[in-house]
Amino acid sequence: MGTMPDGTQGDSTHRTTQEVSTHGTVQLDDGIVPDPSLPRTSVDESVRDAADRTWTPAKIALWAAIALLGGVAWFMLAIIRGETVNAIWFVFASVCTYLIGYRFYSKVIERYLLKPNDRRATPAEYKADGKDYVRTDRNVLFGHHFAAIAGAGPLVGPVIAAQMGYLPGTIWIILGVVLAGAVQDYLVLFFSMRRGGRSLGQMAREELGVIGGTAALVATLLIMVIIVAILALVVVNALGESPWGVFSVGMTIPIALFMGVYLRYIRPGKVMEVSIIGFVLLMAAIIGGGAVAGTDWGAAFFHLDKVTIAWGLIIYGFIAAILPVWLLLAPRDYLSTFMKIGVIVMLALAIIVVRPEITVPAFSEFASRDNGPVFSGSLFPFLFVTIACGALSGFHALIASGTTPKLIEKERQTRLIGYGGMLMESFVAIMALVAAISIDRGIYFAMNAPVALTGGTVETAAAWVNSLGLSGVNITAGDLAQTAKDVGEQSIVSRSGGAPTLAVGLAHIMQQFIGGTAMMAFWYHFAIMFEALFILTAVDAGTRVARFMLQDSIGNFVPKFKEHSWRPGAWLCTAIMVVAWGAVLLMGVTDPLGGINTLFPLFGIANQLLAAIALSVCLAIAAKRTALKYLWIVAVPLAFAAVVTITASFYKIFSPVPAVGYFANNAAFAKALADGKTSFGTAKTQAAMEAVVRNTMIQGWLSIIFVVLSIVVIITAVIATIKALRNTAAGLPNAEHEDPAQASRVFAPAGFIPTPAERELVAEWNSLPAGQRLEKSGHH
């Protein structure tokens, strides 16, 4: 729908700019009749193509320089095998690859696969309700989307995966995002937007039929519960018994509410103005958190245990999911994006200035083994599910078919927000990896190995690390104690999960850039706040998306639920999903071994299985709208994700090695209990042993359910794809589930910086009398 006889999209290239500009009552080839009293809602396609295809000497020199710098950086990382490698090459290799991928590869997807048409209204325009469907400025929406997708994964996964050395993770993060992760996010966002903002599960039901669609619906709902619960648990662990953290992160909520009211009522359209105010208030909250935590009343009032924080998160998740999106969610995510992108860019600049030397080998001693101390399993497939969100993440597909498609102003903005937002997250993952490998390898393993291995003290941890026989590693108890003192912590031994390691690495680099050793404690706690804020935004957006998914699912039987603006349905579905992930969260917080902590491997596999489901749905949809020769864009990442995740699932289900297989681990602990033992392996008490038995059984059966559902979805998607291609070859129509095209009555640029043609159109729209412009119902 919306394509012209020559295969292009949007305004006809054989019409003059004047004809298109004045409209009259002319109906162009896309079937959309615009309002003749308004300026154009899309830049003329011929003008856009001419700008894209014009290569000046300066433009050629710029891209040649980017390609050359990227090539040199990759050569230094992948080929040169010196004793050390400079961290600046990670920055250059990633940034240059992202720029080339965005400028060229995403344009191929736009031109041949998606063919956006800005003359069509988006759901935010034709379904505008001031609550869930709200036209949102592209800069604000980029911040909201990035904040929502960038949870724990890009921070934690790369840190844990550093056990294998720096090169496997670097290749997967950078190349994986260009060819897989950003492709998935872009496609799902576009297809959902064309379908009125429908959820991934609902799109699967429409495209794959009852069997595949039902399997996708069940899988996405179950996986969503696990993902949000684990994200919430990471927040709880970061903020538990930390007055500074509780105060600073808590203050982001009233700041965001103020920003939402400011943009809607006080100073509509002043995005830059409210951004500066929000940034200043955020910095004040972070700095003030340290001062408040230093007072007696602050330490007492904000020193909360993990159960209390968990209940606070549950209540917050419910409220955030039912409030209008303009009031809390979008401004809060936009606000936190300042901190997220600001810190990552600052870290990248610090790396370029400080140029730290990395002593971690390209492939470590554990790259060829399956019994590493940080995580168990071989490099393939477990590296690819450990680094979940930095390269490919199914969770993103839920955001891209949840909140974001209901907020986007123009179809061409999906490339910036979907593809570009994911590239930004990948850069976060690379910076997290560099931070982790910049610290001493001995400190890395002492921090990330479990207490059962390190012994929990600096003396036993140092002895254990040295016993690993790692090349060039000789750590002392004094080194570990001094590092803890430098960052203002009592101990850094066995602070697993990735977040503390990233904080130490960031503090190590930043203190060389600004402040020296005396500032290490500040930078460490700043990084902890940064991580908690990062993850919390994924919890609130995830809850809202889970509500949409459940509403769509119930709506198949009770159509009223599909009306997202129907408050009783929204509140009921929100409550159900919050109770589901809240119960899992509380189980994790109160369990003697951390409960859901032991489910973290399942998080990675479930997340990637969800990506395979999302790509399967995209393949079926793409087969109806493009030629066979372009389907490889979807088929290649789908095939890789399917092989990796199904293989990893089979390892976790069938492996006889207790450290790898869930059921093998379950049997070992069950036998120990039956033999009357009161401690076994990492469990020091009988209650902890019973917890391991319970959790491994849950993990095992969830793994079976997830992988079976995913295989069903993939098979039905392949069948639907073949059927669509056969119909096309036979000249038969394919069932189309897009919403009917409606003429847009607004215009907005596609990227951060408007092109000259876009600036001309913006000027035309700004010259209209206020009464003729369709005002935004939310952020301007």
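Residues are numbered from 1 along each chain as its sequence is written, and side-chain values use heavy atoms, with hydrogens and water left out. Because the model is predicted, local features need pLDDT of at least 70 and side-chain atom pairs count only at pLDDT 80 or more, while totals for chains, interfaces and linings use all residues.

The structure holds 24 salt bridges, a salt bridge being a side-chain nitrogen of Lys or Arg within 4 Å of a carboxyl oxygen of Asp or Glu. In one of them the side chains of Arg 567 and Asp 132 meet, with an N to O distance of 3.6 Å. Arg 567 belongs to helix H24 (residues 567-590) and Asp 132 to the loop between helix H5 (123-126) and helix H6 (138-149), so this pair ties together parts that are 435 residues apart in sequence. Helices (H or I, at least four residues) and strands (E, at least two) are DSSP runs, numbered from the N terminus. Arg 567 counts as buried at 18% relative accessibility, and Asp 132 is buried with a relative accessible area of 2%, where buried means under 20% relative accessible area, exposed over 50% and partly exposed in between (1.4 Å probe, protein chains only). Asp 132 also has a side-chain partner in Arg 544, to which a polar contact of 2.9 Å joins it; a polar contact is a pair of N or O atoms within 3.5 Å, and within protein one must be able to donate a hydrogen and the other to accept it, with residues adjacent in sequence counting only if both atoms are side-chain atoms. Arg 544 is found in helix H23 (residues 520-555) and is buried, with a relative accessible area of 1%.

A further salt bridge is formed by Arg 441 and Glu 365, whose closest N and O atoms are 3.1 Å apart. Since Arg 441 lies in helix H18 (residues 441-448) and Glu 365 in the loop between strand S2 (357-358) and helix H15 (379-386), the pair ties together parts that are 76 residues apart in sequence. Arg 441 is buried at 7% relative accessibility, whereas Glu 365 is partly exposed at 27%. In another salt bridge, the side chains of Arg 625 and Glu 738 meet at 2.8 Å, N to O. This pair links distant parts of the chain, 113 residues apart, with Arg 625 in the loop between helix H25 (600-623) and helix H26 (632-654) and Glu 738 in the loop between helix H28 (686-729) and helix H29 (756-766). Arg 625 is buried, with a relative accessible area of 18%, as is Glu 738, with 8%. Both residues take part in a network of salt bridges that also includes Arg 120, Arg 194 and Glu 411.

Burial was also examined by helix. In helix H21 (residues 477-486), the residues Leu 480, Thr 483, Ala 484 and Asp 486 are buried. Seen down the axis of H21, these buried residues fall within an arc of 160°, so they line one face of the helix, the arc being that of the directions from the helix axis to the C-beta atoms. Helix H15 is mostly covered, with seven of its eight residues buried, among them Leu 379, Pro 381 and Phe 382.

The second largest pocket holds about 1,600 Å³ of space. Of the 45 residues that line it, the closest to its centre are Tyr 102, Leu 416, Gly 751, Phe 752 and Ile 753. On a 1 Å grid over the protein atoms alone, a pocket is an open set of points where a 1.4 Å probe fits, with protein on both sides within 12 Å along at least five of seven lines, and lining residues have an atom within 4 Å of a point. Grid points are joined across faces, edges and corners, and a volume is the space filled by probe spheres set on the points. The lining divides into 25 nonpolar, 10 polar and 10 charged residues; Ala, Val, Leu, Ile, Met, Phe, Trp, Tyr, Cys and Pro count as nonpolar, Asp, Glu, Lys and Arg as charged, and the others, Gly among them, as polar.

Most residues other than glycine have a negative phi, and most peptide bonds are trans. The peptide bond from Phe 380 to Pro 381, however, is cis, with omega near 10°. Lys 115 has a positive phi near 50° and lies in the loop between H4 and H5.
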